[in-house]
Amino acid sequence: MEPESAKVVLLGEAGVGKTCIIKQFVENKFEQNILSSLSAQFISKTIEYQDFGRAIKFDIWDTVGQERFRSMAKIFYKDAKAIILVYDITSQKSFDALNNFWYDEIKNNSAGNPVYAVVGNKNDLYQNQQVDINEAKDFAKKLGAIFQLTSAKNGEGIAAIFDNIGKKIIKPSFQYDEEEKLAKDNYNKKKEEERNTKIRIKLNNNNNGNNNNSTENKDNNNTNKKNGKNGKKGGCC
Ligand code: GTP
């Protein structure tokens, strides 16, 4: 299968995890102490889409997040087949930058009709989440973008971004239905919980059954002691 090339560019504030997302996708690795990027660079990975009989070689461009380099990003994303806008779910500021700056920037400057994705990274830190997920989803909808929560740390959602981008490049009518995916996930979670609850109840019943038996035995023993060896009440027969 001869792969076709697709340039993909990641944009977003410094520190949101662009480099780590790429590293996790290409090398299945995560680095906690990674240096901030000082120049844009790219790395490639090919994915085969058996269902479509096609393969895509993603040329993935990592851009510099620091604000003073923003104007340079245009050089990289203007002819891209896909643009991934990354925010950090624990940083409202990083999401606001997408909404207030990058949205207009890419709408005005990207050529053709690139596939867009909005990615909320660092989902492993969801306890510290600052960005409202519904707001993020609305933003993705406004852009006609694929929406994905990810963790470059544990790999959650990373393959899915590129999988869905590739499908949309191959078949622009491909609908990544987040609601349907969530509904499916929730359904599976609920079923799993129901199964676990049933097991817990069964185990409790078994334990209680054993305990009850032992209480019963104790009671019987006491009664036996009181009433004599056979445990029968009354004296004469
Ligand atoms: P610039 O190169 O400055 O534009 O930043 P960047 O967007 O490329 O971020 P980078 O990948 O360098 O990650 C920044 C910091 O966030 C690093 O300390 C990473 O270890 C950390 N990080 C990245 N992704 C995750 C994640 O999913 N979870 C957690 N907990 N930390 C992450």
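This is a predicted model: local features need pLDDT of at least 70, side-chain atom pairs count only at pLDDT 80 or more; totals for chains, interfaces and linings use all residues.
**Entry 1: the strands.** I began with strand β1 (residues 4-11) and looked for its partner. It runs parallel to strand β3 (residues 54-62), and 7 bridges join the two.

I then turned to strand β2 (residues 41-49). It pairs with β3 over 9 bridges, in the antiparallel sense. One of the residues I checked here was Y49, whose bridge partner in β3 is R54. β2 and β3 form a hairpin, with 4 residues between them. In that turn, I found that G53 has a positive phi of about 65 degrees.

**Entry 2: helix α1.** Next I asked how many of the 10 residues of α1 are buried. The count is 7, so the helix is largely enclosed by the rest of the structure. I listed the buried ones as K18, T19, C20, I21, I22, Q24 and F25. I also looked up what covers them: the cover includes β1, β2, β3, β4 (82-88), β5 (115-121) and α5 (158-170). Just after α1, N28 takes a positive phi of about 55 degrees.

**Entry 3: the ligand.** Last, I went through the shell around the ligand. There are 22 residues around the ligand, and A14, G17, S36, S37 and G65 come nearest. Sorted by class, the shell has 7 nonpolar, 10 polar and 5 charged residues. Which helix gives the largest share of the shell? I found that helix α1 (residues 18-27) does, with 3 residues.

Methods:
Residues are numbered from 1 along each chain as its sequence is written. A residue is near a molecule or strand if its C-beta atom, placed from the backbone, lies within 6 Å of it. Ala, Val, Leu, Ile, Met, Phe, Trp, Tyr, Cys and Pro count as nonpolar, Asp, Glu, Lys and Arg as charged, and the others, Gly among them, as polar. Two strands pair if DSSP finds at least two bridges between them. A residue is buried if 20 or more other C-beta atoms lie within 10 Å of its own, exposed if 12 or fewer, and partly exposed in between; C-beta atoms are placed from the backbone. Two residues are in contact if their C-beta atoms, placed from the backbone, lie within 7 Å.
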